[in-house]
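This report is meant for a reader who has not seen this structure before. Please look over the sequence and the model before reading on.

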Amino acid sequence: MIKVSRRKLLQTAVAIIPGFLLTGMNTAQAFSLKEAAATKLGSLVDKSSAIKVGKSHIYNGQSATGQQVKVVLTRTKKGLFAFNGACTHQGCGVSIQGSTLVCPCHGSKFKADTGAVVTGPNGSPPSSISPLGKFKVTESKGNIYIK
Ligand code: FES
């Protein structure tokens, strides 16, 4: 029988879990908005085929000043939309729950197709915070670009 210490088991879990989380967040397609400012189309985020109608994905990238940026791309029957994934309350990163973007910090909810506020922090009215910021999104030759 092989004996594994709790410490070794915990070290193994810590080594595996971050890789699993990164895979789920589409971080393979990191982008740079600094690069976007210098090109006509913007910064390449992903292939158009990566986002089906009715789906959203979150991408991590860098702003023109080098800060981390989270972008939510949502495709609807009306088109493709890009939102700043930072909650407009205090800046926590939103996550996708079906057709809603949910902030883990104080529970604000936003529509994934428009960025509009559904519920403000701690159940306050939608008018208590601003909708998510938007990026200009362009599709060209099977690729998605944002500016
Ligand atoms: S930071 Fe998102 S609800 Fe407070």
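The sections below go from the overall layout to the sheets, the core and some loop residues.

## Basis of the model

This is a predicted model, in which local features need pLDDT of at least 70 and side-chain atom pairs count only at pLDDT 80 or more, while totals for chains, interfaces and linings use all residues. Residues are numbered from 1 along each chain as its sequence is written.

## Overall layout

The protein contains two helices and twelve strands. Helices (H or I, at least four residues) and strands (E, at least two) are DSSP runs, numbered from the N terminus. Their order along the sequence is α-β-α-β-β-β-β-β-β-β-β-β-β-β.

The protein has 147 residues, and 25% of them count as buried. A residue is buried if 20 or more other C-beta atoms lie within 10 Å of its own, exposed if 12 or fewer, and partly exposed in between, with C-beta atoms placed from the backbone. Two residues are in contact if their C-beta atoms, placed from the backbone, lie within 7 Å. Among contacts with a separation of 6 or more, 42% join residues 24 or more positions apart.

## A three-stranded open sheet

Three strands form an open sheet in the order E2-E12-E11, and their pairing is antiparallel. Strand E2 (43-47) and E11 are at the edges; each has a single partner strand, so one side of each has no neighbour in the sheet. From one strand to the next, the twist averages 30°, where axes are lines fitted to C-alpha atoms, for helices over the stretch in contact, and angles run from 0 to 180 degrees between N-to-C directions.

Two strands pair if DSSP finds at least two bridges between them. The antiparallel strands E11 and E12 are joined by four bridges. Opposite Glu-139 stands Ile-144 in E12.

Leu-73 has Ala-82 in E5 as its bridge partner.

E5 also pairs with E10, again in the antiparallel sense, over two bridges. Here the bridge partner of Ala-82 is Phe-135 in E10.

## The nonpolar core

A nonpolar core is a set of buried Ala, Val, Leu, Ile, Met, Phe, Trp, Tyr and Cys residues joined through C-beta atoms within 7 Å. The largest one here has 23 residues, and those with the most contacts inside it are Val-45, Val-71, Val-72, Leu-73, Ala-82, Val-94 and Ile-146. Strand E4 (68-76), strand E5 (79-84) and E12 are the elements that give two or more residues to this core. The most come from E4, which gives four residues.

## Loop residues

Most residues other than glycine have a negative phi. Asn-122 is not a glycine, yet its phi is positive, about 50°. Asn-122 sits in the loop between strand E9 (117-119) and strand E10 (134-135), and is exposed, because 11 other C-beta atoms lie within 10 Å. Lys-141 also has a positive phi, near 50°. The loop that holds Lys-141 runs between strand E11 (137-140) and strand E12 (143-146); this residue is exposed, with 6 other C-beta atoms within 10 Å.

Gly-98 is in the loop between strand E6 (95-97) and strand E7 (100-102). Gly-98 counts as exposed, because 9 other C-beta atoms lie within 10 Å. Its C-alpha atom is 8.3 Å from that of Ala-112, a residue 14 residues apart from Gly-98 along the chain.
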